[in-house]
Amino acid sequence: MGSVSRGRISGKTRLLALIGHPVGHSLSPAMHNAAFVADDLDFVYVCLDVDPDELPAAVRGLQALKLRGFNVTMPHKRAMVPLVDELDEEARISGAVNTVVIEDSGLRGCNTDGGGMVMACQEAGIELSGKSVLLLGAGGTAAAIAVAFGNAGVGELHIANRTVERATHLRDKLYETGIKRLAVHSLDALEETVPDAEIVINATPLGMKEEDPMPVSAGYVQKSRAFCDVVYRPGTKTPLVRLAHERGVPVVAGDRMLLYQGVLAQKLWTGREPNVKAMDRAIS
Ligand code: NAP
């Protein structure tokens, strides 16, 4: 069979890739290839640095080369939308594609980021159904999470963003998802405007740098609510995750979302249940 796990890449090995700019820091190759090796699957996953100007040409090339699919990261997630032939609900509403499946019929653009966060919540025992959720941020990742949380049955969604118009725009796009109550807020004074949130999601980049301000005030990090942080810093926890741990507050860190968005993407490409343990070990 010539599988990668036996140290060979054969004429039949299917290629998968991550396109972004830059991509050298990514943990995705280690994560996906670990599962292919563990389960003796004849796939290999590589990183490809694509300049923004070259995105359409690169995508045509990946299709011409008959890759099975690819992941998309910064800065290409939005620019991928017009380059695919169909979009899943999460990619359509969020306006961001993180996974592409290459079919004979064309390119299918998907977004597994939100579903990844839902699975990470399930792993942490955080129930979403009927809950009041405060979403910090209104970018592509926030939007993908909003759609997935809507599908998971959250009761109400409060969107707070630095640029309030962007939050309003996201709210208007979310009406079709069936979330019962949607509201928009500025990032100021959330303690007063959203006092009853049961789940808080940081979908801003705040926490990428140690000197960043917390996305919510320290006083908001209480045992009565659970927290999810999209930010992933290899080898270190964000200040929000650290504070939640110190206070015994349930929290999902960005590395769990990274794992499960990858699990969902791999399932789309291979059509089988990925080896989650192997993927987890590779990024831990
Ligand atoms: P994006 O589309 O550019 O949106 C960024 C959002 O954060 C916007 O709502 C923006 O507000 C807000 N924001 C940015 N800087 C801010 C600041 N200094 N203070 C307050 N709000 C700020 O970016 P994205 O693609 O959604 O990515 C967001 C984060 O998610 C990134 O850090 C990315 O690495 C992370 N991510 C993690 C995973 C994972 O698997 N763990 C997956 C995907 C993304 P404005 O609208 O006002 O600009």
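Helices here are DSSP runs of H or I with at least four residues, and strands are runs of E with at least two, numbered from the N terminus.

**Ground rules.** I'm looking at a predicted model, where local features need pLDDT of at least 70, side-chain atom pairs count only at pLDDT 80 or more, and totals for chains, interfaces and linings use all residues. Residues are numbered from 1 along each chain as its sequence is written, and side-chain values use heavy atoms, leaving out hydrogens and water.

**Ligand shell.** I looked up who surrounds the ligand (a heavy atom within 4 Å counts as near) and got 22 residues, with Ala-138, Asn-161, Thr-163, Arg-166 and Val-230 among the closest. Which helix gives the largest share of that shell? Helix 9 does, with four residues. Helix 5 (140–151) and helix 9 (254–270) each supply at least two.

**Polar contacts.** I checked for N or O pairs within 3.5 Å. A ligand oxygen is 2.8 Å from a polar backbone atom of Ala-138, and another entry puts a backbone N or O of Gly-140 3.1 Å from a ligand oxygen. For Arg-162, a side-chain N or O lies 2.9 Å from an oxygen of the ligand.

**Pocket.** I used a 1 Å grid over the protein atoms alone: a pocket is an open set of points where a 1.4 Å probe fits, with protein on both sides within 12 Å along at least five of seven lines, and lining residues have an atom within 4 Å of a point. The ligand sits in the largest pocket (more than half of its atoms lie within 2 Å of the grid points). I found 40 lining residues there, with Thr-73, Met-74, Lys-77, Thr-141 and Val-230 nearest the centre.

Definitions and conventions: A polar contact is a pair of N or O atoms within 3.5 Å; within protein, one must be able to donate a hydrogen and the other to accept it, and residues adjacent in sequence count only if both atoms are side-chain atoms.
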